[in-house]
Structures are given as structure tokens and as C-alpha cells.
Amino acid sequence: MSLIQVSVPDIGDFDEVSVIEMLVAVGDTVEKDQSLITVESDKASIEIPSSHAGVVKSISVKLGDKVKQGVVVLELDSAAAGESAPTAGASDPAPNQQAASAPASPHAAVSVSSASTNVEMRIPDIGDFKDVAVIEILVHVGDTVAAEQSLITVESDKASVEIPASHAGVLQSLSVKLGDIVNIGDLIAVVAGSAPAASAAALSPAPAPAQVQAVSTPTTPVPDAPRSVAVPSTSTVIPAHNPTVAPSGHQPYASPSVRKFARQLGVPLEQLKGTGHKSRITQEDVYNFTKEVMAGHAQTQAQVVKGGSGSGAGGEALGLLPWPVVDFAKFGPVERRDMSRIKKIAAANLHRNWVLIPHVTNHDDADITDLEAFRLLTNKENEKAGVKVTMLAFLIKACVAALKKFPDFNSSLDGEQLVMKQYFHIGFAADTPNGLVVPVIKDADKKGVMQISAEMSELAKKAREGKLGPADMTGACFTISSLGGIGGRYFTPIINAPEVAILGVCRSNMEPVWNGKEFEPRLMLPLSLSWDHRVIDGASAARFNAYLGQIMADFRRILL
């Protein structure tokens with residue numbers, strides 16, 4: 001019997017990870033590179049492969065254990081599988097045999113491919129986003145691609161981004177497919193014939209000393225690192241979940257981001273049937289399940305136990321009537337239309353924010369008669385400059401002044417602490433054919449009204465064309481939702497978490513206002529301020545709105 005210990009390899013910049021799934025049992029015969037266990041960090045699920053073939057003699061870890069690099073996973077009898085185990089007394093093989101038999105680390109793999117001018121192309125830094133979906137494959141194996149040519153398109157909950165090639169060459173392999181969830185650093189493809197060895201090697205950090213030793217000393221078995229942190233290995237088939245069967249003891253097969261999203265919506269992942277790779281549960285599965293439950297077409301196990309009939313969004317727990325199930329077609333012609341991805345994600349976020357944040361909304365009016373006259377005069381004087389100043393630009397500057405005076409409005413709730421922000425990034429809701437998006441004016445306190453107007457115009461154009469990047473829509477401290485000239489009087493805007501307030505603005509109207517002696521016509525702008533009652537109290541909200549109205553009535557106050 002030749003026993004080999006298989007350990008956790010280098011899995012990246014993680015200290016300890018949890019074992020969430022056992023993929024083999026004692027007595028199983030495993031192949032080299034077959035997945036043994038699945039571990040999960042706060043960012044990704046990773047399958048740990050076997051460094052050798054053999055029969056599993058013992059397993060050293062169990063579900064829920066915390067493991068890190070070097071921890072023994074199991075012992076294999078390699079002789080039982082026809083593979084001789086390396087021993088301390090074995091003579092060193094020839095150099096070419098060393099290269100063939102030594103298990104390679106990811107960094108060693110890059111070095112080998114670099115020598116043959118193969119270059120791995122990975123997901124670059126695309127901003128403060130993770131777990132983005134591949135929605136389009138723009139190339140095929142065998143294609144000749146140019147540097148900066150788009151390879152795939154990924155989509156977050158806010159934007160679609162094309163990922164370009166870092167090098168030119170012939171596409172040797174593709175490591176992603178439609179629907180995959182990817183993150184920064186995940187392998188997209190391998191190209192050949194275009195990159196010098198030095199530049200290819202530069203794509204990956206230098207190997208750690210232990211990895212170098214493993215390559216140069218074939219008598220020390222070192223397990224292979226996972227080939228991908230986003231796409232699970234194909235060596236193990238995970239059965240689809242059956243909601244009528246009791247849980248099998250392992251966590252649902254889903255990424256950390258999907259788990260977090262399901263927790264926010266209160267969706268029981270163990271009751272979902274995944275449609276992703278190897279029955280992996282995707283965000284789309286969570287959306288569809290929520291939609292079915294809300295429509296009364298599906299029930300959770302809790303609803304079945306309680307005798308509920310699908311009351312939508314956990315209504316049975318509140319003692320509400322079941323969600324009505326209606327055959328609309330019997331009343332007349334109907335058409336079913338899928339919601340856009342942006343609208344579906346926005347709906348889930350808005351639902352979460354409305355349920356979890358205790359909203360209160362203050363309504364007030366701001367007298368903008370003089371400011372509107374100044375705005376029209378400014379546009380007339382700067383007509384040749386091509387920049388049209390909008391009332392929203394003035395409102396952004398006024399909100400910055402109010403945020404400085406009332407800093408609680410420029411904070412975010414983090415557990416039992418408030419994160420007080422020292423920057424002033426203002427988001428504004430922009431209507432697009434696919435739904436509402438929120439571009440962000442960065443450092444609005446350092447920009448003038450003309451510059452803000454120009455930047456708003458550019459961002460709104462990009463939003464309508466679907467070209468907003470992740471950086472254009474992140475980091476907001478406070479959001480303004482303006483209905484502009486559409487109409488309406490007041491409304492209750494929903495706070496955009498993790499912000500603690502949002503300002504709603506409707507169309508201004510000329511109204512008679514009493515000046516102490518008589519009524520005179522004044523242009524009044526309706527303001528609706530929604531705020532998080534966990535962070536802000538009513539007195540502060542009233543002062544914020546009143547101060548905002550004072551600035552809009554006399555914009556010189558912004559200089560004080």
C-alpha cells in the first residue's frame with residue numbers, strides 16, 4: 001500500500017475557508033484532478049482537486065471545518081489505482097521525466113505556456129463589482145484576435161461591460177460560457193503566437209518559494225491549485241435539488257453573492273432547483289422563484305406546512321391573505337413580457353430597501369423664482385458654450401451644502417456604527433429604455449454648476465445608450481430622484497441602500513404666496529425627502545429640508 005496525503009493547495013489570498021461540500025467518500029476511486037471537496041470564502045466557492053489518482057483510504061476534514069493551505073484533506077492509496085507513490089528512497093527521474101511528473105502550480109503553468117507564447121487572458125479590474133454574469137461570447141476558438149478586441153460581455157446589476165483581449169493572437173481555448181458568473185482574475189481564454197515569454201510571465205505573480213521547490217523537487221507531491229474559482233470542475237455531477245426531499249446535509253450549490261442575495265430576500269436556497277452549471281443556483285433562479293411565489297404559482301416548504309397558498313413575499317408570516325391567482329386571459333387578450341434585467345434587479349433591491357429600511361418622508365416647497373430667472377439668464381449668456389444649465393445642477397450644489405451642515409445625512413449604517421463620509425458624491429436617477437439607473441457626480445463639492453451640468457449631460461447620454469461603466473454608478477452618498485417636467489406634486493422615493501436619505505423632486509409650479517401684505521406669484525419646487533429613521537430623527541429631517549429650501553430661495557447662502 002502506497003499512501004499519499006492530498007493537501008489544500010494555494011487558493012489565493014485567503015487565510016481560512018469553510019468546507020461546504022464533500023464530493024467523495026472513503027472507498028471511492030478518484031482520478032487525478034477530480035474534485036474532492038468544495039470550500040467557500042467570502043468571495044468565491046472553490047473546488048479542491050486531487051493531485052493524484054487512487055482509492056480514498058481516509059478523509060481528514062468534514063462539513064463546516066475551516067481549512068487553509070497545507071491542511072491534509074485525505075489519504076489515497078495510489079498503488080490500488082496503478083499509480084506508484086513517490087518515496088524518499090526513490091531515485092530521481094530524468095529531467096524530462098521530472099517536468100512530466102511534477103504537479104504544476106498555477107504559476108508554473110503560466111511559465112510553461114509563456115515559453116510557448118501562450119498567454120492567459122483574465123477578467124481585469126472592472127470596478128467595484130463581483131459575481132458578474134457572462135451575457136455574450138464575442139469570439140470562438142480558432143479566431144485571430146487583436147489586442148483590445150472585445151472577447152466577452154459581462155453584465156452586473158447596473159451596467160454591461162465588454163472585456164477586451166490583453167494580447168493579440170490565435171484563440172486556443174475559451175474557459176467561460178454564457179451564463180457563467182465571473183470575477184476579477186478569472187480565466188477567460190488562452191491565445192497563442194503573439195506574446196513574448198517575458199510579457200506572458202508578467203501576467204501572473206511570481207511563484208511562492210514553496211511552489212518553486214515543488215516544481216524542482218518531483219519527489220514532494222504538491223496538489224494542483226484549482227483551475228478556476230468561478231467555473232466548477234466537471235468531474236463531479238451535483239444532482240438537482242428536489243424540494244420534496246429533506247436536505248442532504250450540504251449547503252445549496254450557489255456562489256456567496258447568490259447566498260447573500262437570497263438571504264436579503266428571505267429565499268430558502270435549499271428549496272431551489274439550480275439551472276446553472278452542474279445545477280448551480282444562479283441569481284436568475286432566485287428571481288424566478290421569488291416571482292413564482294409572489295404570483296402564487298409556487299410555495300415554500302414553510303407555506304406548505306402552514307397550509308398557505310403563496311401569499312407573495314412572505315405575506316403568510318404576517319397573517320395576510322394569499323396573493324390572488326387570476327387567469328387574466330379569461331377577461332380579454334393578454335401578452336406576457338419579460339422584464340429587463342435592470343428592472344428585475346432594481347425590483348429586488350427596491351423591495352429589500354422598502355422592507356428593511358424604516359422610511360419616513362417629509363414634504364416641503366422651495367421658492368426658486370429668483371434662481372430660475374438667474375438660470376435662464378445664465379443659459380442665454382452662455383448659449384455659445386453649448387452647456388445648458390439645469391435646475392438639477394443647482395439642486396446638487398444645494399444638497400452638498402446641506403450634507404455638510406447635517407453630516408448624518410452623508411453617512412451609512414454599518415452594524416451599530418455610522419460611517420461618516422468625508423466626500424460628496426451625488427447620484428441622480430436617469431430614465432432609460434431598459435429602466436432606471438443612477439449615475440454619480442463624483443466630488444460635487446469641488447465642481448461648479450457649469451461643470452456639473454456638463455457632466456450630467458454626458459452621463460445621461462451614456463445611460464440612454466447603455467454605455468455607463470461600473471465606475472459611473474458607484475460611490476454615491478446621497479441620491480436625487482427628479483421627475484423633471486413630467487408632472488406630479490409629491491411622492492415617496494425609496495432610499496438607495498446603503499445611503500440613509502434620498503430627495504425626490506417634482507415639476508415646479510407658479511403659485512400665489514402671501515408676502516405679508518398680499519399674494520404674489522412665486523415659482524415653487526416640491527421637495528420630498530425620504531430618510532432612514534434608524535439614523536435620522538424628524539427634527540433633523542425638517543431642518544435639512546428647511547435649509548435646502550433657504551438655499552434654493554437665495555443661492556448666495558451657499559457661500560456662507
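Accessible areas here come from the Shrake-Rupley method with a 1.4 Å probe, and for residues only the protein chains shown count as cover. On that basis the protein's accessible surface comes to about 28700 Å², of which 55% belongs to carbon and sulfur atoms. This is a predicted model, so to speak of local features takes pLDDT of at least 70, and side-chain atom pairs count only at pLDDT 80 or more, while totals for chains, interfaces and linings use all residues. Residues are numbered from 1 along each chain as its sequence is written, and side-chain values use heavy atoms, with hydrogens and water left out.

Of the 560 residues, 44% count as buried (under 20% relative accessible area, 1.4 Å probe, protein chains only). As for contacts (heavy atoms within 4.5 Å), 63% of those between residues at least 6 apart in sequence join residues at least 24 apart.

The protein has 12 helices and 27 strands, taken as DSSP runs numbered from the N terminus (helices H or I, at least four residues; strands E, at least two). Strands pair if DSSP finds at least two bridges between them.

Ser411 sits opposite Met420 in β19. Two residues lie between these strands, and Gly415 takes a positive phi near 65 degrees in this hairpin.

Key
Buried < 20%, exposed > 50% of the residue type's maximum accessible area, 1.4 Å probe, protein only.
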